[in-house]
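The questions below go through the pockets and the nonpolar cores of one structure. Look at the sequence and the structure before reading on.

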Amino acid sequence: MKKPKYIFVTGGVLSSLGKGIASASIGCLLESNGLKITIQKIDPYLNVDPGTMSPYQHGEVYVTDDGAETDLDLGHYERFTSLKVTRENNFTAGQIYYSVINKERRGDYLGKTVQIVPHVTNEIKKYIKRVARRKKLDVVIVELGGTVGDIEGLPFLEAIREFPLDIGRENCLNIHLTLVPYVRSAREVKTKPTQHSVARLREIGIAPDILLCRTEKPLSPDAKRKIALFCSVDGKAVIDAVDVESIYEAPIKLHEQGLDAMIMKHLKLERKKHDMSGWEKNLRRLKNARRLIRIAIVGKYTGLFDSYKSINEALVHAGAACNSKVEILWVDAEAIEKKGHEELLREADGILIPGGFGSRGIEGKITACGFARKKKIPLLGICVGMQCAVIEFARGKCKLTGANSSEFAPSTPHPVIDLLPEQRKVKKKGGTMRLGSYPCCLKSKTSAYKAYRAGEIHERHRHRYEFNTNYREQFEKAGMVLSGISPDGRLVEIIELAGHPWFVACQFHPEFKSRFGAPHPLFRNFIKAALQR
């Protein structure tokens, strides 16, 4: 089997420059040229995965079909390419050290002193290579999280430095994303941060082949020449990564500067085709949308937009498909508890209740569900959002005083949401939830069935608590439609309200399967219902 080429994407100066978008855009461009690719994210933190981390620490947790809790950048990889990522597309320092220590305890190193070089770096290289095993790939794109100079990233940079020695320099390409800030008081861009970042990278032994310069405005020829001179790169290899209105413009802007052609020339890859027509068509639809629609997201992590990254993008996809631009109204669930809902929600054409864990802000989400039910406002509930809709219905329609989830109120007299039986003896929090893709059977003539146009679907889950089926008959008599059920009949996956224009809530996370140009059916029909209102 032909061995793939490797592209390593690193970042300098500061975090959140957009390495994930850059890596996804490179993947998009290479696919448009007929190449088979995969993208891998390395996270240098010591957590085994981000599953137990607060969204305020690291943004949303992105779940794969095979049940891995991964970095949010994997969502960009799937939205920009045809990839279906797996747990092998993301690994952390925690996984590397865990593996090395287990090997040492078993005696695999035969009495040797276990060191960062070569044992940890060899393990890193092994994890990088495994993403390509048993696959016919042309290119593997590897994004290293963090910033050059971070102490926890040094072993990974050392492994990247060693990689060309293992597979040949002609099979590797280093792309460095850095910042070229515009200083308004001086009315000029400053190249010094980029110079320092590249100097730090070269000290480690890695010479970048291409520089992606994140900037507010296109760089002048003089600025590019200066960067090329002081960073020892070809002048044509200094590429603008200019701020864009939509992240989906990024591949087009990079292609216009010849990035994909430069990569293919360096790696001696043959262009099989070049077709961005579908991408450009979807981008035109997005940018030319005529109507404006306001969707309130009622959450408890509204202080960091990346906490709901996939939901944001799914709304963009659905809005474009419905010829509308979606304006997100960020509503803090705790603010509803303090101020009430009328003022915070009255401008919304639709209400979305996202997932989350813990009791903080839950009563605000429950109140928002009641507001949507009574005022006939289209609602989409996701994971905990569905659980809040069930709790509100139990209290408001079924008259079950004190109804709640046993997660939020262990002593509730009516645990309408309860812990999965198989979860009762679980003690470790990491990687033990119901995770990954599971099937769901849809009831005909329901909103869910009309959205999917299918009798069985597969969606990604991340939760421990479920609808308590002991209350199933009581809820159905009161007007709740259980429109999605697991094939064995044990678990309620989707609920709806009879007589409501569009009130749908699901236990899974549909946002993870929405794509640019292919919006998720539930998001699409949610936006349609909000527009009709």
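Q: What volume does the largest pocket have?
A: The model is predicted: local features need pLDDT of at least 70, side-chain atom pairs count only at pLDDT 80 or more, and totals for chains, interfaces and linings use all residues. Residues are numbered from 1 along each chain as its sequence is written, and side-chain values use heavy atoms, with hydrogens and water left out. A pocket is an open set of points on a 1 Å grid over the protein atoms alone where a 1.4 Å probe fits, with protein on both sides within 12 Å along at least five of seven lines. Grid points are joined across faces, edges and corners, and the space filled by probe spheres set on them is, for the largest pocket, about 1,100 Å³.

Q: Which helix supplies the largest share of the lining of the largest pocket?
A: Lining residues have an atom within 4 Å of a point, and the largest pocket has 42 of them. Helices (H or I, at least four residues) are DSSP runs, numbered from the N terminus. The largest share, 5 residues, comes from helix 1.

Q: Which residues have the most contacts inside the largest nonpolar core?
A: A nonpolar core joins buried (under 20% relative accessible area, 1.4 Å probe, protein chains only) Ala, Val, Leu, Ile, Met, Phe, Trp, Tyr and Cys residues through side-chain atoms within 4.5 Å. The largest has 47 residues, and helix 1 gives the most to this core, with 7 residues. A second, separate core has 45 residues. In the largest core, those with the most contacts (heavy atoms within 4.5 Å) are Ile-7, Ile-26, Leu-30, Ile-175, Ile-210, Leu-212 and Ile-263.

How values were computed
Helices (H or I, at least four residues) and strands (E, at least two) are DSSP runs, numbered from the N terminus. Buried means under 20% relative accessible area, exposed over 50%, partly exposed in between (1.4 Å probe, protein chains only).
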